[in-house]
Amino acid sequence: MSKHPHIGRLLFVAAVLGAVFAINVITLNGCDRTQAEKEQSFLQIGDFTIKRINPDLVEARDGAGRILALIPRNTEPPQGYTPDQIVRVPVRSVVAYGNFDVSALRVLGVLEDVLVGVTTPAEQWYLDDVKRGMASGKIVYLGDSRAVDFERLKRQNPELVLTWDHSAIPMLNQLKIPCVITSTPVAMCLNARMRYVQFLAPFFQREPEAEAFFLKVSDSVRVIRDRTANAGAKPKVMWGDIYEKRVLVEPGNAWVGELVGLAQSDYLFEDVYGTSCIEISVERFLHSGDDADILFTYRTADSGATSKAAIARLNPLLAKVKPLIDGKVYAPLPHYVQSGHRLDEILTEIAAILHPECYPNFELRFFEELPDVDPAQKKEQS
């Protein structure tokens, strides 16, 4: 746990203020932005970086700290890079392990053109363009992300693999397929979450689309801040779950913790620092649960989150937390994890859950509030 629980939030505030300043400059200058302003030579996005060395070479540092050299197609590789570091752009075919990476391809407008392999089976997809691609055979299921069929992957002939799995690097190097590690040791802050598409954009030469997405999400953050500025009491929020052998939560440095603070609410794991879905003690979870008003669970209805009573049955320890007794519990809808391209809507919905008085008659699209008991059980009791 961090000895300085407020450092993450201070860094986030600085990042948001910087983004707002940039937006204001763009608004004032309109179409008078110079070419130099449009072509940033260096961009830091959490642990990811993009550095333009010259017109024909961009260096990208991925989540594992590996340097990749992005060069135009049909050009000679520059000196000083090994073959596994070379990525020819724009990339024309991609395998993507993560839902968020698939969403990023959608933001960039290249999903239907480049995606050839995924690690989620067809029946679990909610994105129409992915379902169409799998039905036609262009996009292939490569097996579970922890047991990918590399022979099948090779047959898809991808020019790039987007993966969180560091252990895949040696095999992909052997297959002479460059890869980008899209996970980081520390959870993405809100600014990094908003900007991640700007890291992937140079691989596909889609920088304008990435900038437009960032500005759209930045606008939503600004509206959330303004709309909740004079909200009433600050709800106390926790985001996580108790499983059979582990207790996992979102740390305070993650984007969800920072958003809760931005929306005039108290995040009860603010002092926890580390990766997304970080493990903590059950005692710590229950201690925070004594004060919480709202619990966001990781579980969906498919994994048992159909009511407060159902969650309590899954793990009796959860029955002790205040949101299950006299507070509110929210579960993600199945399509939530595949909706990163709608990040502005997701952020707004979370703010509306925290402060319904600021968002009257708001219709939930990504989360559902769990009833006390399952509808069938309630009918039996009546």
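Helix 8 (residues 190–204) and helix 9 (residues 207–228) pack with their axes 8 Å apart and at an angle of about 170°; helices here are DSSP runs of H or I with at least four residues, strands are E runs of at least two, and both are numbered from the N terminus. The axes are lines fitted to C-alpha atoms, for helices over the stretch in contact, and angles run from 0 to 180 degrees between N-to-C directions. Helix 8 is therefore roughly antiparallel to helix 9, given that angles under 35 degrees count as roughly parallel, over 145 as roughly antiparallel, 65 to 115 as roughly perpendicular and the rest as oblique. On the side of helix 8, the residues that meet helix 9 include Leu190, Met194, Val197 and Ala201; on the side of helix 9, Ala210, Phe214, Val217 and Val221 are among them. A contact means heavy atoms within 4.5 Å. The residues of this contact divide into 10 nonpolar, 3 polar and 3 charged, where Ala, Val, Leu, Ile, Met, Phe, Trp, Tyr, Cys and Pro count as nonpolar, Asp, Glu, Lys and Arg as charged, and the others, Gly among them, as polar.

The model is predicted: local features need pLDDT of at least 70, side-chain atom pairs count only at pLDDT 80 or more, and totals for chains, interfaces and linings use all residues. Residues are numbered from 1 along each chain as its sequence is written, and side-chain values use heavy atoms, with hydrogens and water left out. The pLDDT, which is the predictor's confidence in each residue from 0 to 100, averages 90 over the protein chain, and 88% of the residues score at least 70. Over residues 1–39 the pLDDT stays under 50, and for this stretch the model has 33 contacts beyond four places in sequence.

The chain as a whole comes to 15 helices and 17 strands. Of its 382 residues, 51% are buried, that is, under 20% relative accessible area, whereas exposed means over 50% and partly exposed in between (1.4 Å probe, protein chains only). Among contacts with a separation of 6 or more, 61% are between residues 24 or more positions apart.

Trp255, Leu259 and Val260 of helix 10 make the contact with Ile346, Leu347, Ile350 and Leu354 of helix 14. These residues divide into 7 nonpolar, no polar and no charged.

Helix 3 (residues 99–107) is largely enclosed by the rest of the structure, because 7 of its 9 residues are buried. Phe100, Asp101 and Leu105 are among these buried residues. Just after helix 3, glycine 109 takes a positive phi of about 75°.

Two loop residues complete the account. Alanine 168 lies in the loop between strand 9 (160–163) and helix 7 (169–174), and counts as buried because its relative accessibility is 1%. Beyond residues up to four places away in sequence, alanine 168 touches Tyr97 and Phe150. Alanine 147 is 21 residues from alanine 168 in sequence, and the two are 9.9 Å apart in space, C-alpha to C-alpha. Threonine 300 is found in the loop between strand 15 (294–296) and helix 12 (308–314). Its relative accessibility is 19%, so threonine 300 counts as buried. Leaving aside neighbours within four places in sequence, threonine 300 is in contact with Ala305 and Pro332.
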